[in-house]
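Work through the exercises below with the sequence and the model in view. Each task is followed by its solution.

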Amino acid sequence: MKKLILFFFTFFLLGAGLSFGQNLYRTSVGEVSFFSKTPALDIEAINKKAGAILNADSRDLAIQMKITDFQFPNKLMQEHFNENYLESERFPTGKFVGKIKEAIDFSKPDTYSVTAAGNLTIHGVTKPVTVKGSIIATATELLVSFDFTVRTEDFKIKVPTLVFNKIAEVIEVSGKLNLVK
Amino acid sequence: MMSTFFNQRFLPAGFLFLLFFFGNSPWKDVLAQEDLLSLLDEEQSKEPTYTIATFKASRLINGQTIETISKNHLNFWISHRFGAVNSGFIANFFGLDEAKIRLGLEYGLTDRWLVGAGRSSLEKTYDLYSKYKVLRQSNKVPITVTAMAGWGINTMPTGYIMESGSTMKFSNNIERYSYWSQVLVARKFTEKLSLQVMPTLIHVNKVEDPSIPNQLVSLGAGGRYKISQRITLSAEYYYSLRELEDDEDDDYGGSGGFSYPYRNALSLGVDIETGGHVFQFHLTNARGMIEKQFIGQNVGTWEKGDIFYGFNIARTFSLDKAARNTHK
């Protein structure tokens, strides 16, 4: 019986070790913005409440944000974005879960070009993506920046023909995450 | 049995197996990433997520909704109520020959506080009102509550004939005033269905007959159902608590054989939303477009065919400087 307790105790420690006591960098005020450009209309929105965690040992990366936190200068547009296009009540979050490919020791201050491969989920649709970006490492911070493009069609975001010329088929997404240990 | 499995001989093997399984396989990546995600989830779930777009516009049909407009945004409302369907083909082209019009503006002082003004051709009335969103529905609060108060001034010449047929005489300007207030309570039940109740109090400084009370309490209920992303069906009913002494066929045996002329308002509508505009088409037995008129002084009934076609068009403008830069 003692052994059994010992076993579970060890197992618990091992399991707990997966999430605690690691080299984690995080933020809850990351900035992610997107840009849609057509001859008729430029639309830009920014989310300043993106959450992100990077495990500097395993280089696993998770980014998650609420779709309703994207701020548009035109609030009616924001409402339509949430209600008609991204359906944020049904699909409240957008997220990326993946891993940085390059074996980089982030404890050395420098600027690194990185590639992250993983799954991007928007509008309830998950797609594998590879995103290029850079990380500026300092003693206590990792400044992650990235940009990539998203096709609305890939994520089943329907654009009615009536506003077809106002919303780009390819949306530019960029982000700045100031991760702190 | 468990203790035999985990005896000295098996323990290292079992341990190694688990270490391999959780510590060394591709599962590790997935698990570790999901762990990171759940840490993010924990943080983000602390903040409430507010419900958006309970209704398409700040008006349901004739009356208000709990919606206010965003800060520095301006709404322009154009509302028409054509003549009654039963007004004849030759005489009135089933009502389309004439219309009562209300033009209105609404401005968002904050994201929760709106001020509005309007002018109705019915009884040449100017109105001012304000709405404040007191409570917002979120994943923690089940309802939205908005308070509304309004004021109107009737600028008809004294001694004019009202819709009810009575003659209205004013001896001073104060008598031309009326006031109304509402508490709007709504819940977005699903993406498609939102329901609202709106207890209302109206005070009219001067009424045409002493048998008509100056105060009126009314209980409104309404809702919307989205049939597609852009098209919504809506309905609105105001039941007024009138102390009718003689309830026979709703005819009020008031002073001098005066029969109480006012009825409850029922309206049915369709909303179509196209980008910056909301078009609301409806059928209603009320011709007024402000609370004092469509709740307090509505003479039409559905049974007799006093049905008015109407529409509201709302156009929203963003007066935000940042918006002007991006939306040329």
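**Exercise 1.** What covers the buried residues of α2(A)?

Before the solution, two notes on the model. Residues are numbered from 1 along each chain as its sequence is written, with chains lettered from A and ligands numbered from 1 in the order in which they are written.

*Solution.* Step 1: locate the helix, residues 75-85 of chain A. Helices (H or I, at least four residues) and strands (E, at least two) are DSSP runs, numbered from the N terminus.
Step 1: list its buried residues (20 or more other C-beta atoms within 10 Å of their own, with C-beta atoms placed from the backbone; 12 or fewer is exposed, in between is partly exposed). They are K75(A), L76(A), M77(A), H80(A), F81(A) and Y85(A).
Step 2: find the cover. From chain A it includes β2 (42-55) and β4 (70-71), and from chain B β1 (73-84) and β14 (308-318).
Step 3: look past the helix. E87(A) follows α2(A) and has a positive phi, near 45 degrees.

**Exercise 2.** Describe the secondary structure and burial of chain B.

*Solution.* Step 1: chain B has six helices and 14 strands.
Step 1: 34% of its 328 residues count as buried.

**Exercise 3.** Which residues of chain A have a pLDDT below 50?

*Solution.* Step 1: chain A has a mean pLDDT of 86, and 86% of its residues reach 70 or more.
Step 1: the stretch below 50 is residues 13-20 of chain A.
Step 2: where pLDDT is low, the predicted coordinates should not be read in detail.

Conventions: Predicted model: local features only at pLDDT ≥ 70, side-chain atom pairs only at ≥ 80, totals over all residues. Contact = placed C-beta atoms within 7 Å. pLDDT = per-residue confidence, 0-100.
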